[in-house]
Amino acid sequence: MRVNWKTYDSGKFYDEIIVSPGKARPAARPLANYLKSLKHDELLEKKIAAELAIKTMGISFTIYSDAGNIDREWPFDIIPRIIAEKEWNQTSKGLQQRLRALNCFIHDIYNDQKVFKDKVVPKELILNSGNFRKQCLGIKPRYDVWAHICGTDLIRDSDGLFYVLEDNLRVPSGVSYMLENRRVTKRVFPELFENYNILPVSEYPNQLFDTLAAISPRTSEYPEVVVLTPGIYNSAYFEHSFLAQRMGAELVEGGDLVVEKDKVFMRTIDGLAQVDVIYRRIDDLFLDPQVFNKDSVLGVPGLFKSWVKGNVALANAPGAGVADDKVIYTYVPQLIKYYLGEDAILPNVPSYLCIDKVQCQHVLENLDKLVVKPANESGGYGMLMGPQASKKELEEFARKIKANPRNYMAQPLISLSTVPILGDRVVEPRHVDLRPFVLQADKSSVTAGGLTRVAMVKGSYIVNSSQGGGSKDTWIVGEE
Amino acid sequence: MLSRVAERIYWQARYLERTENTARLLDVFSNLLMDLPRGTKLGWHTLVEITGTHKQFDATGRQPVERNVMKFLLNEDNGMSIINMLAAARENARTTREIMPTEAFEQINELYYYARDNLGKGISRGPRHELFEEIITSCQQLTGLMAGTMSHNDAYSFVRLGRNLERADMTTRIVDVGSGNLLAMNPSTGQTDDPFSNILWMNILRSISAYQMYRQHVKDRINAEDVVIFLIQDDEFPRAVGHCILQLSNVIDDLPNHGKALDQIGKAYRMIKRANIEKLLNDGLFQFIDDLQVEIAEIHQVISKTWFLPR
């Protein structure tokens with residue numbers, strides 16, 4: 001069976017490729033025509049070729065399960081998602097604006113705290129945040145930037161506009177899959193690249209390296225940049241080693257590093273070598289057992305003090321996560337206005353804060369229509385999907401919210417846009433989100449597109465790879 | 001480079017080399033079978049002894065017959081089965097991806113999948129040779145790929161250290177095979193029957209692709225003494241112990257703090273060169289090989305202490 005766009009129907013959702021039965025959006029037209037021209041066997045061959053490429057390239061991620069940790073091949077759908085460059089440019093500006101404001105905010109929290117004095121954000125909200133680190137008070141990282149790498153989750157509602165769903169300022173992952181997805185697509189659809197002007201994504205590792213090198217405390221010498229991983233059993237280990245490889249940086253584990261006289265060194269075959277910049281992929285609390293979690297074996301004793309003394313740079317800086325709290329999220333549009341004097345280019349999804357009595361009442365009364373999120377969790381854990389929850393789950397969640405309102409916020413169930421995937425027989429619509437990656441140090445940049453995550457189950461909104469989501473290559477295409 | 005990474009790269013090279021050599025060893029055995037008259041018994045148990053897994057094998061309570069030993073060394077869960085060695089090589093490659101060329105990881109990965117899907121075939125004699133040939137060729141390709149795509153830097157030095165040390169070790173084990181306990185002794189003379197002995201040595205040479213080079217080098221008919229001299233003492237043949245040890249000293253020259261390692265390598269090399277093989281063949285070759293293996297193991301210890309252990 002061939003692809004037939006006339007029978008493809010995404011219902012009330014915004015579809016990124018097909019605008020109405022049989023009719024593709026302008027930027028997606030060559031893709032839609034090309035797919036239509038392929039015989040069923042050819043399509044299947046492409047699918048198998050992609051699976052094979054992923055297997056031999058060893059693109060994998062780890063799932064934590066009762067049966068032990070399993071290294072899974074990366075789930076990938078071969079049909080790319082297409083976004084017009086013009087629209088993307090605006091989105092890209094919005095993302096940079098947002099990160100600039102968030103960095104001003106973090107710097108303010110740990111230094112002057114003007115934002116509290118001016119009553120833009122209540123002080124208690126920050127001091128009670130699980131991601132606030134009092135040890136960071138008074139510290140001034142280079143360029144006043146705390147979050148150098150940010151993964152911002154975007155969704156497209158049925159009105160066709162991008163909304164920010166959440167900011168990830170701690171250790172956002174997924175960028176290696178964005179890069180590998182492109183590599184696989186090039187192998188599978190080389191023909192398509194002739195008809196399109198697709199913005200390359202492969203600059204990211206260089207930009208990341210430049211960002212990290214820019215914050216090195218030793219400016220006179222060539223900086224020693226390392227990627228700090230929790231180790232080979234971490235679910236994102238593939239990405240850690242991938243980025244280290246692409247940057248030509250050392251990939252280190254906690255045990256490879258040692259602190260002497262408040263300087264950080266790594267153990268090499270030629271003895272100790274000083275480290276300047278650590279791109280750490282370990283949570284704050286595991287960084288340094290002398291300061292945070294005492295039982296951590298992943299971190300490096302003395303690391304925090306070396307950072308405070310300015311002998312080593314950490315990206316992202318400890319404490320940066322205070323601004324990616326899902327409750328703080330609701331304040332970001334005001335923060336942009338407050339710090340930059342600009343209106344937010346990218347809108348937030350409307351949100352209700354449970355800490356506010358009136359809003360909390362609304363949440364409790366409409367629990368079956370809302371999505372409730374805990375403030376500090378990531379990866380889709382601990383969430384309530386109201387419309388799909390059982391009565392028992394709803395009651396249980398209501399109790400949790402009442403017990404700790406600060407920890408929860410709720411959003412209406414926004415409709416995620418769809419993109420066709422290649423099912424067993426034909427193309428079918430599936431919901432997607434988008435995670436672009438934003439860098440900031442002396443200058444800032446955004447990936448061309450980002451990682452598109454797909455809910456592979458029909459009708460599902462769950463895009464997390466740890467919970468059965470897949471991914472797609474994302475093309476930002478320019479006009480000819 | 002990081003000590004931990006150096007260690008993983010070194011072991012990855014060792015496991016790959018060991019995979020190749022085990023495939024070669026199993027291949028000789030299978031070839032030998034076909035050259036020997038029917039009824040001649042091959043001691044399959046020797047195979048598990050050579051690979052140092054006899055205790056594990058004996059604990060399973062199974063008879064040391066062809067099928068059981070092959071299964072054990074191909075795809076069962078023990079440290080010396082080909083599948084486990086490839087899994088270990090792949091894991092070490094996966095965890096050093098930031099250093100090794102991408103293509104090298106991809107090829108190790110492919111080899112692992114090939115072995116996983118095909119090793120079962122090697123239990124029966126028919127498809128066995130083709131299986132081993134495929135594994136050996138893939139390992140050789142990897143060696144070439146690394147030589148041709150990796151900067152000849154510290155990381156590559158550890159690849160070469162691992163490879164040559166493992167190769168030296170395996171060649172001593174293979175010489176052990178030849179030195180007598182494979183074929184049933186002739187009870188009247190206490191010697192292995194001569195014609196079969198020569199067949200054995202010829203197969204042994206073939207197993208490490210040494211037959212042709214041996215003929216060019218020795219120019220005499222196959223005989224135990226010349227073969228052992230060639231395999232132990234030759235400086236030029238890449239799988240001869242002497243050559244491997246010489247390579248180690250070349251490689252180590254480029255690494256920092258190499259004093260102690262160089263001393264130990266020199267000690268092993270002198271031992272090889274000073275050995276009187278003719279005399280040892282009459283009496284004491286077993287012991288000599290044992291002692292040599294101890295010296296080779298000591299080289300590993302020194303390498304480990306110098307470069308892998310965090311100070």
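**View 1. At what angle do helix H2 and helix H6 of chain A pack, and how far apart are their axes?** This is a predicted model, and here we're looking at residues 40-57 (H2) and residues 175-188 (H6) of chain A. The two helices pack at an angle of about 135°, with their axes 9 Å apart. Angles over 145 degrees count as roughly antiparallel, and H2(A) and H6(A) are therefore oblique to each other. As for handedness, H2(A) goes past H6(A) in a right-handed crossing. On the H2(A) side, look for A:Lys46, A:Ala49, A:Ala50, A:Ala53, A:Ile54 and A:Met57. They meet A:Glu180, A:Val184, A:Arg187 and A:Val188 of H6(A). Sort the residues of this contact by class and you get seven nonpolar and three charged, with no polar ones.

**View 2. Here's where chain A touches chain B.** On one side there are 17 residues of chain A, in contact with 18 residues of chain B. Which elements of chain A give two or more residues to this side? They are H2, helix H9 (237-247), strand S9 (250-252) and strand S11 (263-268). So much for the elements; now the classes. The chain A side that touches chain B has seven nonpolar, five polar and five charged residues.

View 3. To get your bearings, find A:Phe265, which stands opposite A:Gln274 in S12(A).

**View 4. The order S9-S8-S13-S14 describes an open sheet of four strands in chain A, and the pairing is parallel.** At the edges are S9 and strand S14 (313-315) of chain A, each with a single partner strand, so one side of each is left without a neighbour in the sheet. From one strand to the next, the twist averages 25°. Strand S8 (residues 225-228) and strand S13 (residues 277-280) of chain A run parallel and are joined by four bridges. If you want a pair of residues to look for, take A:Val226, whose bridge partner in S13(A) is A:Ile278.

**View 5. Two spots in the chain A backbone are worth a look: A:Asn316 and A:Asp144.** The peptide bond that runs from A:Ala315 to A:Asn316 is cis, with omega near -10°. You'll find A:Asn316 in the loop between S14 and helix H12 (332-340) of chain A. What about A:Asp144, and is its phi positive or negative? Its phi is positive, about 60°, even though A:Asp144 is not a glycine. A:Asp144 sits in the loop between helix H5 (123-127) and strand S6 (149-156) of chain A.

**View 6. Chain A has a domain 1 and a domain 2 in its domain assignment.** Domain 1 covers 93-148 + 198-340, and domain 2 covers 352-412. Taken over C-alpha atoms, the centres of the two domains of chain A are separated by 30 Å.

**View 7. Over in chain B, helix H12 (residues 241-253) crosses helix H13 (residues 259-274) at roughly 160°.** Their axes come within 10 Å. The angle makes H12(B) roughly antiparallel to H13(B), and H12(B) passes H13(B) in a left-handed crossing. H12(B) brings B:Val241, B:Gly242, B:Ile245, B:Leu246, B:Leu248, B:Ser249 and B:Ile252 to the contact. From H13(B) come B:Ala261, B:Leu262, B:Ile265, B:Ala268, B:Tyr269 and B:Ile272. By class, the residues of this contact are eleven nonpolar and two polar, with no charged ones.

Terms used: Residues are numbered from 1 along each chain as its sequence is written. Chains are lettered from A and ligands numbered from 1 in the order in which they are written. This is a predicted model: local features need pLDDT of at least 70, side-chain atom pairs count only at pLDDT 80 or more; totals for chains, interfaces and linings use all residues. Axes are lines fitted to C-alpha atoms, for helices over the stretch in contact, and angles run from 0 to 180 degrees between N-to-C directions. Angles under 35 degrees count as roughly parallel, over 145 as roughly antiparallel, 65 to 115 as roughly perpendicular and the rest as oblique. A crossing is left-handed if the near helix is turned anticlockwise from the far one by less than a right angle, and right-handed if clockwise. Two residues are in contact if their C-beta atoms, placed from the backbone, lie within 7 Å. Ala, Val, Leu, Ile, Met, Phe, Trp, Tyr, Cys and Pro count as nonpolar, Asp, Glu, Lys and Arg as charged, and the others, Gly among them, as polar. Two strands pair if DSSP finds at least two bridges between them. Domain bounds come from an automatic or database domain assignment.
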